[in-house]
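I opened this notebook to keep track of what I looked up, entry by entry, in the structure shown below.

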Amino acid sequence: MQKDLENKFLIDFETNQNIAHKICRIYTTNKDAHNDLFQEITIQVWKNYSKFRGDSKFSTWMYRVALNTAISLYRKSTRQPKTQDFNDVVYKIQATAYDDTEELQLKALYKAIHKLSDIEKALIFLYLEDKPYKEIAETLGISNGNARVKMNRAKEKLKNILNP
Amino acid sequence: MDLLENYKKAWNNQPDTEGKRSTLDIYKLAQSKSRSIVKWIFIIGILEFVGLNSLYFFVDIDEAYAEYKKMGLENFIFYSQIIAYGILFYFLTMFYLNYKRISTTDSTRTLMKKIIKTRKTVRNYVLFNLGYMALIMVVVTIASINTNFDDLSNKQIILIIFATLIATLLTLGVLWLFYQLLYGFLLKKLSKNYKEIAKLNEQD
């Protein structure tokens, strides 16, 4: 039984690991911290996996657990450097088929997101991932209306950072 | 097109190969030990309960009891300790239940609320203990002045009261500072985020 659950978890997590990686890129600025947070997210998803009932999609559930880990459970290591290591994480995206302009845009986007507060980061992340307001509100534990208002503010703030 | 929509395209097209882990890697990671702040709060909380209660091991109970008896405080000490252990048991149970209720599958706001509540249980226990120690200190001082009243000059009495006051305040101050540093260090980020999300919900 345990083995079944483990196998199911491994398949689910492996397929959706990009959610965790994106969250790590948003909430950390160097490789060590990225790996630390990724590890903690993996532990938390596994620890809670038996509570996942399958009435929602696994990915929806994983967004919540992973974001919660980044916002509330994970403590940045004290030796975390500031932005100079930025390029260390963001991200040696050297995929050959990858468009140059998009790569620059993506770097600028991550850099701008790093300037937001933890909660704003969560809002922007869920926006970029095309999550509906209802899901955003439920994930964060706020009302629908507040999710909308706060999202608009976070978006404005991000725009101002990207295009001052 | 909206500025952000443009960036969103780049976001959606980011390659998903970077940092990709194998199933074996994920298996190993999932089995490793959590280093989350919840775990730290649990460990530190238990240490606080154990630490505060082991203070009594440093006191020679028989000798202390003989002293209390001389001052006529044996009943007060006996009953107050029974109450103190009852309260300790209550706090330990609450601490454990609060800790158990913490779930990463809650909404962010609920999760943060539960973490803060768990920490507050220990803080309240420490406050109770400090209060209890201060009470014992005051009662013992008054009783010892009473017992030795005829042998003490006014100056000595004032000196004893003053010394007790300073010692009590110093102990409380040091413990308070230690507490602030410890949890301040551990929960700075969480408290900030919780305030932000709580403020966000007030705007209804």
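Into which domains is chain A divided? I noted domain 1 (1-92) and domain 2 (95-164), with bounds that come from an automatic or database domain assignment.

Before going further I wrote down the conventions: this is a predicted model, in which local features need pLDDT of at least 70 and side-chain atom pairs count only at pLDDT 80 or more, while totals for chains, interfaces and linings use all residues. Residues are numbered from 1 along each chain as its sequence is written, and chains are lettered from A and ligands numbered from 1 in the order in which they are written.

I looked up their contact (C-beta atoms, placed from the backbone, within 7 Å) and found 12 residues of domain 1 of chain A touching 11 residues of domain 2 of chain A. On the domain 1 side, the elements that give two or more residues are α1 and α3 of chain A, helices here being DSSP runs of H or I with at least four residues, numbered from the N terminus. The largest share of that side, five residues, is from α3(A). I sorted the residues of the domain 1 side into eight nonpolar, two polar and two charged, where Asp, Glu, Lys and Arg count as charged, Ala, Val, Leu, Ile, Met, Phe, Trp, Tyr, Cys and Pro as nonpolar, and the others, Gly among them, as polar.

Entry on the chain contact. Chain A brings 50 residues and chain B brings 45 residues. Among the helices of chain A that each supply at least two residues to its side are α1 (2-27), α3 (58-73) and α8 (144-162). α3(A) gives the most, with eight residues, and the side of chain A as a whole divides into 22 nonpolar, 17 polar and 11 charged.

Leaving aside neighbours within four places in sequence, I found A:I23 in contact with A:A66, A:L67, A:A70 and A:F125.

Entry on one residue. Not counting residues up to four places away in sequence, A:A112 touches A:L158, A:I161 and A:L162.

Definitions and conventions. Contact = placed C-beta atoms within 7 Å.
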